[in-house]
Amino acid sequence: MRDLDFSTFVSQYENYPEFRQKLLDETLKPLSVCVEVGVFRGEFSELILTYNPLKLTLVDSWLCSENSGDTLFAAEMGKCSQEFFDKWESETREKFKNDKRVEIVKKFSGDAAKGFEDQSLDWVYIDAAHHYNAVLNDLNSWMPKVKTGGYLCGDDFVVKKDHYFGVIEAVHEFLGLDKITTSANIKHERFGDLHYEVMGAQFYIHKLDI
Ligand SMILES: C[S@@+](CC[C@H](N)C(=O)[O-])C[C@H]1O[C@@H](n2cnc3c(N)ncnc32)[C@H](O)[C@@H]1O
């Protein structure tokens, strides 16, 4: 993990909904093939659907397990009771049961990614487990699935004091950035030309089509 200097970095958690909307405005084109990784109770999924995607796959393990890499979030949300996860899963299934654009995949993120062809997705949003290894795995698992011209986005680009979020570190490791950076054009050794941008607590990585 890179040793980033956070001393001058201020997390932008204010105006959170506004920046989520801005992210969608800038990255989500109509009739896109989309995946949301980490769905919880489908609240952001509802907003994604207002952008008229062709397809939205919702990936969530809904499992309170160490394998989900999500014990921090689980503890925060429900003291890691499986009952809560079951409730969130059924709420989500009920909410989208009549929407033909929505497919629900109950799997761990890395396993779910294996079910997609490389270069098959226009837009992916990563918001599952938030610690360093999990986010880095998610970036490495999902980026190959994004088409040239498509976007890999994610949530919680923040420094949190109460518990450990590793999103910032994982994004920097993935992009090969040594200093805190919120906008850059990058030549990635594996994924070619990328544009990277942070807005509030949201980030996106655009696989440039040049
Ligand atoms: C922060 S919530 C998602 C919030 C949702 N994107 C929203 O904005 O409304 C995180 C979700 O990720 C799921 N999750 C955690 N680790 C996961 C993993 N390894 N694979 C799939 N889902 C995971 C949890 O079950 C939880 O529902």
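**First stop: the nonpolar core**

The largest nonpolar core comprises 47 residues, and those with the most contacts inside it are Val 37, Val 124, Trp 142, Leu 152 and Cys 153. Such a core is a set of buried Ala, Val, Leu, Ile, Met, Phe, Trp, Tyr and Cys residues joined through C-beta atoms within 7 Å. A residue is buried if 20 or more other C-beta atoms lie within 10 Å of its own, exposed if 12 or fewer, and partly exposed in between, with C-beta atoms placed from the backbone.

This is a predicted model: local features need pLDDT of at least 70, side-chain atom pairs count only at pLDDT 80 or more, and totals for chains, interfaces and linings use all residues. Residues are numbered from 1 along each chain as its sequence is written.

Select Trp 142 next. Leaving aside neighbours within four places in sequence, Trp 142 is in contact (C-beta atoms, placed from the backbone, within 7 Å) with Val 37, Ala 113, Val 124, Ile 126 and Leu 152.

**Second stop: strand E8**

Select residues 202-207, strand E8. Strands (E, at least two residues) and helices (H or I, at least four) are DSSP runs numbered from the N terminus. Five of the six residues of E8 are buried, so the strand is largely enclosed by the rest of the structure.

Strands pair if DSSP finds at least two bridges between them. E8 pairs with E5 (residues 146-154) in the antiparallel sense over four bridges; here Tyr 151 has His 206 as its bridge partner. Six bridges join E8 to E7 (residues 192-199), also antiparallel.

Definitions and conventions. Two residues are in contact if their C-beta atoms, placed from the backbone, lie within 7 Å.
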